[in-house]
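Keep the structure open beside you as you read.

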Amino acid sequence: MQLAFDSDVEEFRAEFSAFLDEHTPSAAETLERPRSTAHMPQWARDWQRKLFDNGWLLPAQPPEFGGRNATVLQTFVHAEELCRRRIYHSFNPQGVNIIAASLLTFGSDEQKHRWAVPVLKGERTAALGMSEPSAGSDLASLRTKAVREDDHFVVNGQKVWTSGAHDADFLLTFVRTDPDAPKHKGISVLLIPTELEGVVCRPFADLCGMENLDFNEVFFTDVRVPAENLVGPVNGGWGVANGSLGHERTMMWLGFADRIANCLADFRPKSPLERDALATSIMDYEALRLLGSVGIAKAARGEVDVASVSIPKLLGGEAEQRVLGLALEAAGPDGLVHPSTSGPYEHMNLDDYFASWFERYARSFGGTIAGGTSEIQRNIIAQQVLGLPRR
């Protein structure tokens, strides 16, 4: 067992750390705050472009896509260093880490340069059109239709929970192109600009406050989408969906670990019971780090084990919720006061993650839903990791 990194990985970390020391924007430069996960103030766009130009945005990618052909372990310490400094990777997280990453995997060369690169450079933002009113965790049940007419697809239907759609330039949208095929086999993927006629994005508030407008309902009414905007083959969207969710889940555990660590640092227990519960959360955190490290080690050896990613995803989401519930309960009425702050202001991170204990706890429920609910993760672990039979 090796619990340290080789010299090449630590040199990579040191180089990135020196870059952050020199180039991270100051608090005075970041006064305009993001309104949603697809709204990027100019300073955030400039910062992302600087990361892209220097190969520090997606280090595993080649330089033309904002990277430097980094290894798995080098990519891991890159993310770890951002977490340690409380720097949010991108203020259009779905655009960079899911949509652009999916296009680099499944898109044509033209699509990579026309759609993915502008997102990576911070010139455009994107949102993910997956969930529907009747197709949340069961994505394969989606009903939004796309019918081919000459050189266009005509799209009709509705999406919901589409984070940042009202601020996004385009949506990576999952649609049904063959209603007669088995539900997993009749899905395709389209790049749909939000400016097209017939696209309506309606943001709605979440339980944290009426001003929190990130979620959207998105309606498509006879939207004509150029056929060249098809990503991958017709009716091949299920493979793209699994790839997109894989991009979302792969390093999701590190985000959970980061937020748990922030909570552990900000929470001050006042009684023996609170200290005991905090100790349990510290053990959850260490277990999550070890499980995540096992997955990283497998990936570094070239072993493909997509299903096992569900284990730290499941543990991380529920462990974050438990520790934040503990902090909220210990805070009592003070934890409900808005907009009280339980952690320090972190200008390079989302304000939501350092707000009141109530808001931090309320937002933790998203971690047990996004990227596949905890119930879905348990099914994946049972069937694909443990080999248990379906009933």
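The buried residues of helix H1 pack against helix H2 (42-53) and helix H3 (72-84), where contact means heavy atoms within 4.5 Å and buried means under 20% relative accessible area, with exposed over 50% and partly exposed in between (1.4 Å probe, protein chains only). Helices (H or I, at least four residues) and strands (E, at least two) are DSSP runs, numbered from the N terminus. Please bear in mind that this is a predicted model, in which local features need pLDDT of at least 70 and side-chain atom pairs count only at pLDDT 80 or more, while totals for chains, interfaces and linings use all residues. Residues are numbered from 1 along each chain as its sequence is written, and side-chain values use heavy atoms, leaving out hydrogens and water.

Which residues of H1 are buried? They are Val9, Phe12, Arg13, Phe16, Ser17, Phe19 and Leu20. These residues sit on the same side of H1 because they cover an arc of only 160° around the axis, taken from the directions from the helix axis to the C-beta atoms. On the other side of H1, Ser7, Glu11, Asp21 and Glu22 are exposed.

Now look at the aromatic rings. Rings of Phe, Tyr and Trp (its six-membered ring) pair if their centres lie within 6.5 Å; planes under 30 degrees apart count as stacked, over 60 as edge-to-face and the rest as tilted. The structure holds 15 aromatic pairs. In one of them, Trp161 and Phe204 have ring centres 5.5 Å apart and planes at 70°, so the pair is edge-to-face. This pair links distant parts of the chain, 43 residues apart: Trp161 lies in the loop between strand E3 (152-160) and strand E4 (170-176), and Phe204 in strand E6 (residues 199-206). Trp161 also forms an edge-to-face pair with Phe215, at 5.3 Å centre to centre and 85° between the planes.

The largest nonpolar core has 73 residues, and Leu103, Leu120, Leu172 and Phe174 touch the most other members. Such a core is a set of buried Ala, Val, Leu, Ile, Met, Phe, Trp, Tyr and Cys residues joined through side-chain atoms within 4.5 Å. Helix H7 (residues 252-266) gives the most to this core, with 8 residues. Apart from it lies another core, of 18 residues, including Ile192 and Val199.
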